[in-house]
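User: I want a close look at one part of this model, with its backbone geometry and its surroundings. Please keep it brisk.

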Amino acid sequence: MTPREHQAFRSIASQIVTGVSVIVTMADGEPFATTAGSVLMASWDPPLLAVLFQTGSRMAEALDECGRFTVNVLGEADHGLARQFARPNRGTGWAALSGAGFQRRDPSLPVLSGGVAWADCALLQTTPMGDHLCFVGEILASARHDGAAPLAYYRGRFRALGTAVAPAA
């Protein structure tokens, strides 16, 4: 891809609104968390979530090793957590989660107490997709906080969803 084509693709990609989540898995017996915008429902029956990470990233390696992950959907007020867990030099282990509102649930993975929703997943399949890997997990347990609005990401900024314009159906 030429630099011009790459820039055109990035411009198009910036028009896609995504939710913002923190994915948690275990690496070397300690929790490892990172921010993700590439989370989607892959199936209703069975209930499956998919998360995408760059091939060779620390998270991709940890997911492959652990075989399970938790998706924590962030709320509008959680943009600080989104930034915290997106930093390349962020900490790892329990110390990195302290003060961030995570609830320890041994032997399950920690969840964000104040998030909009969370889902524990068992890794079913990993599929290469260009320079990323798609990790598909079956939802084993989940919960949501009624009335909480999710954090959105659009054109390089965290945003609130705003007013609904019409029903979906």
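This is a predicted model: local features need pLDDT of at least 70, side-chain atom pairs count only at pLDDT 80 or more; totals for chains, interfaces and linings use all residues.

Where is the place of Asp-28?

Analyst: Asp-28 sits in the loop that links strand S2 (21-27) to strand S3 (30-36).

Start with the backbone. The phi of Asp-28 is near 55°. That is a positive value, and the residue is not a glycine. Most residues other than glycine have a negative phi, and most peptide bonds are trans.

Next, exposure. The relative accessible area of Asp-28 is 71%. The cut-off for exposed is over 50%, so Asp-28 counts as exposed.

Now the charges. Asp-28 belongs to a negative surface patch. Helix H2 (residues 58-66) supplies the largest share of the patch, with 3 residues. Glu-65 is located in helix H2. The relative accessible area of Glu-65 is 55%. By that cut-off of over 50%, Glu-65 is therefore exposed too.

Leaving aside residues up to four places away in sequence, Arg-155 touches Ser-14 and Gln-15. Val-116 gives a distance for scale: Arg-155 and Val-116 are 39 residues apart in sequence. In space they are 22 Å apart, C-alpha to C-alpha.

Two peptide bonds also deserve a check. The bond from Asp-45 to Pro-46 is cis, with omega near 5°. Pro-46 is in the loop between strand S4 (39-43) and strand S5 (48-54). The bond from Asp-106 to Pro-107 is cis, also with omega near 5°. Pro-107 falls in the loop between strand S7 (102-105) and strand S8 (108-112).

Back to the starting point.

Notes
Residues are numbered from 1 along each chain as its sequence is written. Side-chain values use heavy atoms; hydrogens and water are left out. Contact means heavy atoms within 4.5 Å. Patches are made of residues with over 30% relative accessible area and no salt bridge: like charges are joined within 9 Å, nonpolar side chains (Val, Leu, Ile, Met, Phe, Trp, Tyr) within 5 Å. Accessible areas come from the Shrake-Rupley method with a 1.4 Å probe; for residues, only the protein chains shown count as cover. A salt bridge is a side-chain nitrogen of Lys or Arg within 4 Å of a carboxyl oxygen of Asp or Glu. Lys and Arg count as positive and Asp and Glu as negative; His and the chain ends are not counted. The place of a charge is taken as NZ of Lys, CZ of Arg, CG of Asp or CD of Glu. Helices (H or I, at least four residues) and strands (E, at least two) are DSSP runs, numbered from the N terminus. Buried means under 20% relative accessible area, exposed over 50%, partly exposed in between (1.4 Å probe, protein chains only).
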